[in-house]
Amino acid sequence: MNKKLIQIAEISLSIKTNPSEIKNKIISILNINSEEIINYQIIKRAIDSRNKKRINFVYTINIEIKNIQNVIKNLETLDPYLVRKHRIKILEPSIYQIKKTSTKITHRPIIVGSGPSGLFTALLLAQAGFKPLIIERGKDLDNRIKDVTLFSKTGELNLESNVQFGEGGAGTFSDGKLYTLITNHRLKYIFEEFIKAGAPKEITWDAKPHIGTDKLKIVVKNIRQKIIKLGGEILFNTKLTDLKIKNNKIYSIIVNDKKEISTEYLILGIGHSARDTYQMLFDKNIKMEAKTFSMGLRIEHSTKMINQSQYGKFYESPLLPAASYKLVAHLPQNRSVYTFCMCPGGQVMNASSEKERLVTNGMSRYAQDQENSNSALLVNVTPEDFGSSHPLAGIEFQRHWENQAFVAGGGDYKAPVQLVGDFLRERTSVVVKKIKPSFKPGVTPTNLDNCLPDYIINSIRKALPILNTKINGFSDPEAILTGVETRSSSPLRILRDENFQTNIKGIYPIGEGSGHAGGIVSSALDGILTAENIIENY
Ligand SMILES: Cc1cc2nc3c(=O)[nH]c(=O)nc-3n(C[C@H](O)[C@H](O)[C@H](O)COP(=O)(O)OP(=O)(O)OC[C@H]3O[C@@H](n4cnc5c(N)ncnc54)[C@H](O)[C@@H]3O)c2cc1C
């Protein structure tokens with residue numbers, strides 16, 4: 001967009017109103033004639049369901065106007081209340097420019113990991129002419145899907161090809177939620193690349209964009225193809241296992257314990273579950289520190305109940321997506337409990353990646369049409385909880401509770417579950433009832449008290465009735481709690497300087513695993529910022 005635009009927010013229309021009515025709203029708010037509008041574009045659509053009798057879509061619109069200078073002048077005469085209410089502003093043109101290198105690339109950058117951070121670093125570097133090499137410990141998507149499917153049927157876990165490891169990274173089997181609280185003009189580039197790779201256009205305007213695991217898989221494959229077309233390369237089943245460092249600088253890496261590849265630029269987009277790689281980096285004296293993250297349980301309700309609670313009589317409206325929520329219970333004497341990674345019409349995922357350790361997460365398809373909706377119920381844990389000041393102590397802490405959950409689930413990667421009613425009464429569950437748990441390969445009804453530290457269990461116990469006042473039915477006695485959610489974000493941070501490099505020069509930790517980002521979009525953005533830095537300083 002290289003013209004000045006006008007932006008109007010908070011245009012509220014009933015879900016039943018034809019969106020063409022937006023134009024009339026623009027005309028009336030700006031006090032202009034219809035002919036003056038060249039074009040307008042919805043850039044955000046949120047759902048306002050506070051009043052269950054009248055649910056509205058709330059739009060933010062960018063408008064291209066014939067004589068913008070006149071309109072700017074007129075803005076001064078508009079009612080200041082209206083200007084404030086609709087946050088009317090003039091947008092300066094912004095185009096994301098990719099700088100291309102004219103320098104001969106002698107050592108091409110190596111990117112470790114093909115998650116969102118690695119893929120977007122590679123994409124931008126490839127577009128700039130760098131021909132990057134991506135190495136990925138897991139398999140390509142089609143073969144990875146086979147391993148994840150086998151695991152969900154039989155409990156046979158492939159330690160290198162699972163929900164955490166393989167093409168597309170941790171988010172491939174996710175809800176594909178693409179919202180972030182970050183504002184940055186580069187987000188437009190990320191969304192445009194997603195759309196070019198097959199994501200639906202609505203991600204640019206939906207207030208809660210999500211593409212589901214089904215569309216995400218297409219996007220990941222297409223971005224891979226694009227990187228290859230631009231001269232990049234990707235090697236699957238290729239794990240970074242060692243580093244060679246000279247004069248405090250990286251000069252080569254070892255993959256799969258044998259092959260050496262030289263490089264001066266090593267980008268680590270390894271995610272938060274590459275515990276063996278973290279250990280190797282620690283042994284190589286890369287500076288890192290333990291950090292706060294969150295742990296808890298997944299809660300699963302019927303989608304119909306959540307829709308009824310959020311949308312009232314409109315709960316079956318085809319105009320509305322499966323309802324979501326974001327809740328927090330502040331507890332005076334306990335730690336606060338908040339919901340995270342809510343997956344409307346989705347399923348609870350078996351996100352395990354280590355032997356005898358069990359981890360939950362959530363995902364959904366684009367249609368969000370499953371019987372249950374789920375979210376994580378999380379509580380913050382800080383380095384003081386880990387029982388050691390070692391930078392890797394958070395990993396050992398996670399491992400301990402993941403093992404407790406594995407044992408409580410019966411030792412075959414079934415998840416331990418408890419009915420909310422039993423959990424609140426501190427009673428062991430023996431059966432599940434009306435809500436059928438979606439976790440695969442299955443669940444074991446039990447008592448979750450031993451699966452997490454007391455302060456987390458007690459906080460969740462106190463929070464459930466409070467959350468029930470926000471969503472009627474949230475603490476439904478037959479709702480399912482599944483343990484344990486331990487990998488909400490990285491348990492450590494790899495220290496980096498203002499040029500994104502570690503104490504060993506030429507090494508760039510990025511994305512969720514670096515501890516500097518979290519989620520698909522912010523990890524992708526972190527990758528882009530790092531790639532820009534490399535391009536500028538090459
Ligand atoms: C089930 C699930 C659902 C989720 N849902 C959402 C969601 O809806 N929205 C959202 O924003 N976030 C979601 N997340 C979180 C999101 O997936 C992560 O924040 C994001 O993927 C982080 O991106 P990344 O590139 O930093 O790391 P990752 O995506 O974790 O990618 C790291 C990659 O590095 C590879 N790797 C690791 N070590 C090595 C090594 N030594 N050598 C070679 N390769 C290596 C791994 O195999 C992996 O492919 C979800 C996560 C999970 C598990």
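Two bridges join strand E14 to strand E15 (residues 337–343), and the two run antiparallel. Ala-329 stands opposite Val-337 in E15. Strands pair here if DSSP finds at least two bridges between them. Strands (E, at least two residues) and helices (H or I, at least four) are DSSP runs, numbered from the N terminus.

This is a predicted model: local features need pLDDT of at least 70, side-chain atom pairs count only at pLDDT 80 or more, and totals for chains, interfaces and linings use all residues. Residues are numbered from 1 along each chain as its sequence is written, and side-chain values use heavy atoms, without hydrogens and water.

E14 and E15 belong to an open sheet of seven strands, ordered E14-E15-E18-E13-E21-E19-E20, with mixed pairing. Strands E14 (328–329) and E20 (443–445) stand at the edges with a single partner strand each, so one side of each has no neighbour in the sheet.

Glu-167 is found in the loop between helix H5 (141–154) and helix H6 (186–196).

Now the ligand. The table gives its polar contacts (pairs of N or O atoms within 3.5 Å).

| Residue | Protein atom | Ligand atom | Distance |
|---|---|---|---|
| Leu-240 | backbone N or O | nitrogen | 2.9 Å |
| Glu-512 | polar side-chain | oxygen | 2.2 Å |
| Gly-519 | polar backbone | oxygen | 2.9 Å |

Taken alone, the ligand exposes 1000 Å², and the protein buries 96% of that. Areas come from the Shrake-Rupley method with a 1.4 Å probe. Helix H4 (116–127), strand E17 (360–363), helix H13 (511–514) and helix H14 (520–537) are the elements that give two or more residues to the shell around the ligand.

Conventions: Polar contact = N/O pair within 3.5 Å; in protein donor to acceptor, adjacent residues only side chain to side chain.
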